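Q: Can you walk me through this structure? I'd like to start with the strands and then look at a helix pair.

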Amino acid sequence: MKLIVGLGNPGKKYDRTKHNMGFMTIDKLMDEYGQTQMKKDFEAEYCKFKVDGETVFLVKPLTFMNESGRAVNFLMGYYQIQPDELMVIHDDLDMPIGKVRLRTKGSAGGHNGIKSIISAVGTKDFSRIKIGIQHPAKQSVVNWVLTPFSKDEEPVALAGIDQAATMVKDWVSGTSIDQLMNKYN
């Protein structure tokens, strides 16, 4: 099984904001896998389908960023998903806009969504794809992450989402995490 969780905040008010890079990547994957419906359960929106015999879940927690771990923990428990079958996609302030990096484990690095998942599932040992949104030059971090990209920044951000989606599809198709890191990092 593959549990792919994109982090973000639910609601129209947060659509296309920098903090919703994970949600936008899940939307891209939904399109690429031809999925049109998500169901609401386990404090999340998700769909479940098969790719070459592999069960795949695409998930958007509905708990807001800081409580993302609740939805992830519910799904992992119910479907008996192991940490090595989990991939989390999220924004990262410490990387330039659109830069993508894959990690196999580590601390939350100040990201409250990752902090919540680590706490809920009881381990730091799960894969994550980080998509850069960079630190703001003049405004507060909270205001920065909750605003959309500028017209100049948006194509770069969308390219990062495209790359993250490609990484996920390679992983679902059987490419190992180490091979992905060698190819994309």
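**Strand and helix contacts**

A: In strand E4 (residues 54-61), Val59 is the bridge partner of Val5. Helices (H or I, at least four residues) and strands (E, at least two) are DSSP runs, numbered from the N terminus.

Q: What should I know about the model before going on?
A: It is a predicted model, where local features need pLDDT of at least 70, side-chain atom pairs count only at pLDDT 80 or more, and totals for chains, interfaces and linings use all residues. Residues are numbered from 1 along each chain as its sequence is written, and side-chain values use heavy atoms, with hydrogens and water left out.

Q: OK. In which sense do E1 and E4 pair?
A: Strand E1 (residues 2-6) pairs with E4 in the parallel sense, over 4 bridges. Two strands pair if DSSP finds at least two bridges between them.

Q: And how many bridges between E3 and E4?
A: There are 8 bridges between strand E3 (residues 44-51) and E4, in the antiparallel sense. Phe49 has Val56 in E4 as its bridge partner. The hairpin of E3 and E4 has 2 residues between the strands, and Asp52 there takes a positive phi near 50 degrees.

Q: Is E4 mostly covered or exposed?
A: Mostly covered: 7 of the 8 residues of E4 are buried, where buried means under 20% relative accessible area, exposed over 50% and partly exposed in between (1.4 Å probe, protein chains only).

Q: Switching to E7. Which residues are on each side?
A: Ser127, Ile129 and Ile131 lie on one side of E7, Arg128, Lys130 and Gly132 on the other, and all are buried. With 6 of the 6 residues of E7 (residues 127-132) buried, the strand is therefore largely enclosed by the rest of the structure.

Q: What does E5 do with E7?
A: Strand E5 (residues 86-92) runs parallel to E7, joined by 6 bridges. Asp92 stands opposite Gly132 in E7.

Q: And E6?
A: Strand E6 (residues 100-103) runs antiparallel to E7, with 4 bridges. Opposite Arg128 in E7 stands Arg103.

Q: Now helices. At what angle do H1 and H5 cross?
A: Roughly 60 degrees, with the axes of H1 (residues 21-32) and H5 (residues 154-172) coming within 9 Å. Axes are lines fitted to C-alpha atoms, for helices over the stretch in contact, and angles run from 0 to 180 degrees between N-to-C directions.

Q: Which residues of H1 meet H5?
A: Met21, Met24, Thr25, Lys28, Leu29 and Glu32 do. On the H5 side, the residues include Ile161, Asp162 and Val168. Contact means heavy atoms within 4.5 Å.
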